[in-house]
Structures are given as C-alpha cells and as structure tokens.
Amino acid sequence: MKYFYTKLFLILFLLFGLGQQASAEGWYVGGGLSKIGFSKDLNGVDDANGLAFLGGYRFANNISTELMVTSSLHDEEFLNGDAAYGSILGGGKFSFGSGQFQPYLAIGISLQVIDFDFFEEITGAGTYLGIGADIYAARNHVVNFSVRNNTWDGEDTFFDYDNKTRYVTFAYNYYFTP
C-alpha cells in the first residue's frame, strides 16, 4: 500500500499513454482519492485516505483554473481520538505539452478546517504549490495524478498553529467538450 498511487499512475500511463490525443478546452469536473498528511504543529495527526472533488476551466492548451475540495478522517495520537479534516484549494494549473501525457505545475490559495473529538477546531488559510500530470484516455476523459504541498496558518480560541499539509491525489476528470 506504500506505493499504491505510484503503481496505479504507472499502469494507467502505460495503458493510455501510448497514443496522442488533443487536449480539451472548457469546463471539467472530477473526483478521486487523496492521501492527506500533516507536519509541523499537527504532526501528531496520522495520515489518512480521503476524497477529493475537482472542477475547473481550461482556457487554452496550457492554462487552467481549478478548485479542489477534500475531506478525510484522521486518527489523532496525542488525545487518542479522531480528527475530521476538510479543505478547499483554488488556483491555477500550468501544463507543459499538448499530447496525451501533460505534466503541470499548480499554485494557489487554500482554506481548511480540522475538527478534533476532544479539542477545538482549528481553521486557517494558506498557499499551495504542486506538480502533477493529466493523462488523456480520450478527449473528454482524463486521469489526473498530483502532489500538492500546502503551507497554512491556523488558529483556535487559544493558540496559533503553523502547519503543512501534503495531498497525493489520484482522480478522474470529465471535460464538457464537444
């Protein structure tokens, strides 16, 4: 399970990455799985699998705007409870290439909340930077793999927190293109 997403990405690349497809322009929606992990002030919260929902608009062969919403449930080691996490990431995607396999750079802003069983919720805002790849199975059907690192400042009633969140996401996107 340690390299599950990497293996899945390579298998899909080999299956779909052999031909050339034109990239789609227009609106898209999608969803998939995300592995979400924390560091810095929230390093006592275990990594967990969650859901990711994506939507965006591709303006040209190499520029898109995208919104990603994630949700996950984590084990919290220090208080021996659960922590529910949700985030919204919005920003730009800058693709390189126009073939079936298109690597990209993602950059944007984020909002997040983590709610603990035995503790107050922490809310915050930050910025993210990530890399990924879109693999076109057909003009309207895209498999997406990305890694995004989110740096954010959070707070509750008493404390301020410096946090980093890592998202490893595997998703399917459908483009509404004729």
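Me: What makes S4 count as largely enclosed by the rest of the structure?
Reply: In this predicted model, 11 of the 15 residues of S4 are buried, so the strand is largely enclosed by the rest of the structure. Buried here means under 20% relative accessible area.

Me: Why is Ile-63 called partly exposed?
Reply: Buried stops under 20% and exposed starts over 50%, with partly exposed in between. Ile-63 has 38% relative accessibility, so it counts as partly exposed. You'll find Ile-63 in strand S3, residues 63–76.

Me: How do you know that S4 and S5 pair?
Reply: Two strands pair if there are at least two bridges between them. S4 (residues 81–95) and S5 (residues 101–116) have 13 bridges, in the antiparallel sense. For instance, Ser-87 stands opposite Gln-112 in S5, and Leu-89 is opposite Ser-110.

Me: What makes S3 a partner of S4 as well?
Reply: Same test: at least two bridges are needed, and 14 bridges join S3 to S4, again antiparallel. One of the bridge pairs is Thr-65 with Gly-92 in S4.

Me: Which arrangement do the eight strands make?
Reply: A closed barrel, running S1-S2-S3-S4-S5-S6-S7-S8 with antiparallel pairing. From one strand to the next, the twist averages 25 degrees.

Me: Which residues form the nonpolar patch on the surface?
Reply: They're Phe-59, Ile-63, Phe-94, Phe-96, Leu-105, Ile-107, Leu-129 and Ile-131, with about 750 Å² of accessible area together. S5 and strand S6 (122–138) are the elements giving two or more residues to this patch. Membership takes over 30% relative accessible area, and Ile-63 has 38%.

Key. Residues are numbered from 1 along each chain as its sequence is written. This is a predicted model: local features need pLDDT of at least 70, side-chain atom pairs count only at pLDDT 80 or more; totals for chains, interfaces and linings use all residues. Side-chain values use heavy atoms; hydrogens and water are left out. Helices (H or I, at least four residues) and strands (E, at least two) are DSSP runs, numbered from the N terminus. Axes are lines fitted to C-alpha atoms, for helices over the stretch in contact, and angles run from 0 to 180 degrees between N-to-C directions. Patches are made of residues with over 30% relative accessible area and no salt bridge: like charges are joined within 9 Å, nonpolar side chains (Val, Leu, Ile, Met, Phe, Trp, Tyr) within 5 Å. Accessible areas come from the Shrake-Rupley method with a 1.4 Å probe; for residues, only the protein chains shown count as cover. A salt bridge is a side-chain nitrogen of Lys or Arg within 4 Å of a carboxyl oxygen of Asp or Glu. Buried means under 20% relative accessible area, exposed over 50%, partly exposed in between (1.4 Å probe, protein chains only).
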